[in-house]
2 protein chains.
Amino acid sequence: MSTSPVGHPPARLRAQDFILASRQSEIAGLQQLLHTGELVTAVSALVHCLQRERGLSNILLSNRASPPARGLPHALTDTDAALAALHLPLAQLDRAHPQAGNLSRLFNRVAGALHALEELAALREANRGPTADRAASMRRYSDIIARLLGVVFEAADGCGNPAISRALIVLFSVMQGKELAGQERAIGAAGFAAGTLDDDAHRQLLDLIDGQERCAQTFLTFAGPALQAAWHAGPGQGNPAFERLRRILCAGRLPPEGDAVQAWFDITSARIDAIRGVEDHAAAALNACCRAALAGAQQALAAQQLSLAPAEEAGYTVLLATTPGGEEARYSTGPLGAPLGRAILDVIQQQAQHLQQLSAELTTLRASLSERREIERAKALLMQHRGLSEPEAHKALRSLAMAQNKKLIEIAHALLAVETVLAVRGEDAR
Amino acid sequence: MSTSPVGHPPARLRAQDFILASRQSEIAGLQQLLHTGELVTAVSALVHCLQRERGLSNILLSNRASPPARGLPHALTDTDAALAALHLPLAQLDRAHPQAGNLSRLFNRVAGALHALEELAALREANRGPTADRAASMRRYSDIIARLLGVVFEAADGCGNPAISRALIVLFSVMQGKELAGQERAIGAAGFAAGTLDDDAHRQLLDLIDGQERCAQTFLTFAGPALQAAWHAGPGQGNPAFERLRRILCAGRLPPEGDAVQAWFDITSARIDAIRGVEDHAAAALNACCRAALAGAQQALAAQQLSLAPAEEAGYTVLLATTPGGEEARYSTGPLGAPLGRAILDVIQQQAQHLQQLSAELTTLRASLSERREIERAKALLMQHRGLSEPEAHKALRSLAMAQNKKLIEIAHALLAVETVLAVRGEDAR
């Protein structure tokens, strides 16, 4: 860009300067996304550690000193290391982009996740105590994980580049699916251990299976061939023994034998490990995608700088005079229809098309995230107009869904449809 | 934020730091919007000057040395001054936000506008020559103005704050309506002068009237009470004499008397001046809106800093240890359910709701811009797959619309619906 200080009008306002500024802004955005991608990768590792910690705590709290449960102390250390590893990408994102006006939502999610993580020490402490409660431990771990998933969701939702947005959606859908699989493992294990599944647990189980299927669909819609192949060779392969245990659970006729718990735990754990393999792939693909997009934009910038350079030397067009007032003789134009003038127009139009395509693709991609966004908006609505906390709002939505035998998203839709009525009531109340 | 250098893991990752970072990012975004608003205001002044210059050139090229045409030299000077005034906001936007990753599209539009403005000197030169052509002059001025309006459209479309986005949409709709009114003035004047209106001009006239009505509707949908009142007291008041001349034009039975040209020109000019009055209001409202949003966010930040300050002093929660490895004893939590912990959660949730509301409002607002966006996408499609230039693509769309007696937007819709087919053809061709 022009180098004159602000306040002293420089000699010209040139189109080519702003073509380059446009490209530079794109590059700044991609650099930010690269840092966001690193944060998301660190979050994915932390979530995996927390899921293991939650699973092992679950086993211990079920009073069964099975061999895997002995791994808990090691799992805690892993979680701590993953937590520490969160620091660098967070600090980088914050420090490298002090002027970024679009990190507000992501940072808010980060604040929420960190606040939830502050509960971790107390949770571990409680789990060691005499009144440790398996269900409470499960719920508290899951809350923390949900907050961390919120960071990944926001990264995908706020992403301004379609290829990277796609990679983020793919990673998010694997992570979300894995989290639902982890919850299914816990509910199933508790069911097999108790020899029964109550109505609420049964309903939750169906929701979790349904949710996993939708995650897999989203994944397969947006994943590239390599990731799809990894999915089909791993968790997507299907396992008759697993499906049989699932069916038994859903049917509610649980066998009296004790080793069903262990069988269920082992088979679901293997499945979760397989999903983790795909998740690692997806994180690597995200990183590669960020770097490729950045390199591409940098190359395009270099090419443009080269193609526009002659203009600089030839002093192509003086558009704007430095002195105020005066006649139009101050303007001098290069030869009309000169090759360079045409080249500039071509570059502007190419770039406009490129940007327009990005934006159109993004609209399509974001639609795939709308379900979660609508559920969140419905929750926010309840929190605002009924003064509920977030867990209360979630519970209220779930109860409504259960009572009407509907999906969460259908209830959210219905709620948002009557938003205006709720808003008016809120005003009346003041 | 944390002050330790990158690479040395700092003592803690605290939720409250990221609450503040979230707010700071919002403020950075609003500062950028303030600068964008200043740019848009400067563009609005420049467009007005160019419209006057175009109108006066039109009169001169019609070979009628009417009194207003004598103002042309003065108008040229005004345009030059308005062009020079564009520099400061542009430089400010570019320099104040070097890390902004979301200015790519705006800068691309600026490049397009500046490139078009580089034609201005040649256009003025041509208009002074012996082969000066009224229609060509009109078209070339209108092209420049269209590019400048593109900058304002992009500012509205890319804006991340609903209140400011609304103010930008209001300003854009007034500017767009005024531009259509200016084109109507020119077509009508030519028609009255020639005593006839050909089919193409007639069709264009109907489009222009229709377009102005839709601009007025958009304006009234989003403008505040003061601006609405200004509209109803000015251009929205209606003028029977103007409507009568419009009707005569549309009916195509033009009177033989010569003073109809002057009457038409005077009455449409008065109308355009009235719209300009509303435009000035809208620009002032935009500026006030930007400043209010910025002040509000800064106040909220100060309030949050104050409410979160005790946490800093009390060393509320140590979440993360500095040393790698080790046991979980490194974690120490503040009292569970302490007032501050709850306060932090409240702030996070308030902010999340605030951000979510912004985003939901924006979705609604942007829908109002979708028509123009779709027409642009349809044009881009034609440019890409048929190798057309932008004016050619626009002409192709208009011809299709004329041939089928449909609106431009309907043709754009139809084109976008078959986009996939076009894309496949494009691939085949390679």
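**View 1. Salt bridge between A:Arg214 and A:Asp210 in helix α8 of chain A.** A:Arg214 and A:Asp210 form a salt bridge in which the closest N and O atoms are 3.0 Å apart; a salt bridge is a side-chain nitrogen of Lys or Arg within 4 Å of a carboxyl oxygen of Asp or Glu. The two residues are 4 residues apart in helix α8 (residues 199-222) of chain A, so about one helical turn separates them. Helices are DSSP runs of H or I with at least four residues, numbered from the N terminus. Both partners count as partly exposed, A:Arg214 at 28% relative accessibility and A:Asp210 at 22%. Relative accessible area under 20% is termed buried, over 50% exposed, and in between partly exposed (1.4 Å probe, protein chains only). The model is predicted: local features need pLDDT of at least 70 and side-chain atom pairs count only at pLDDT 80 or more, whereas totals for chains, interfaces and linings use all residues. Residues are numbered from 1 along each chain as its sequence is written, chains are lettered from A and ligands numbered from 1 in the order in which they are written, and side-chain values use heavy atoms, with hydrogens and water left out.

**View 2. Salt bridge between B:Arg109 and B:Glu376.** The side chains of B:Arg109 and B:Glu376 meet at 2.8 Å, N to O. This pair links distant parts of the chain, with B:Arg109 in helix α4 (residues 104-117) of chain B and B:Glu376 in helix α13 (residues 370-386) of chain B, 267 residues apart. Both B:Arg109 and B:Glu376 are buried. In chain A, a network of salt bridges links A:Arg105, A:Arg109, A:Glu154, A:Asp157 and A:Glu376. Over all chains, the count comes to 42 salt bridges.

**View 3. Aromatic pair of A:Phe107 and B:Phe18.** A search of the whole structure gives 10 aromatic pairs over all chains. The ring centres of A:Phe107 and B:Phe18 are 5.6 Å apart and the planes stand at 65°, so this pair is edge-to-face. The pair crosses between chains, from helix α4 (residues 104-117) of chain A to helix α1 (residues 15-61) of chain B. Rings of Phe, Tyr and Trp (its six-membered ring) pair if their centres lie within 6.5 Å; planes under 30 degrees apart count as stacked, over 60 as edge-to-face and the rest as tilted. A:Phe107 is buried at a relative accessible area of 3%, and B:Phe18 is buried at 2%.

View 4. Not counting residues up to four places away in sequence, B:Leu355 touches A:Ser104, A:Arg105, A:Asn108 and B:Ser22, where contact means heavy atoms within 4.5 Å. B:Leu355 and B:Glu26 are 329 residues apart in sequence, yet 9.4 Å apart in space, C-alpha to C-alpha.

**View 5. Helix α13 of chain A and the residue that follows.** Helix α13 (residues 370-386) has 17 residues and reaches 24 Å from its first C-alpha to its last, close to the 24 Å expected at 1.5 Å a residue. The expected span is 1.5 Å times one less than the number of residues. Its buried residues include A:Glu374, A:Glu376, A:Lys379 and A:Met383. A:Gly387 follows the helix and has a positive phi, near 65°.
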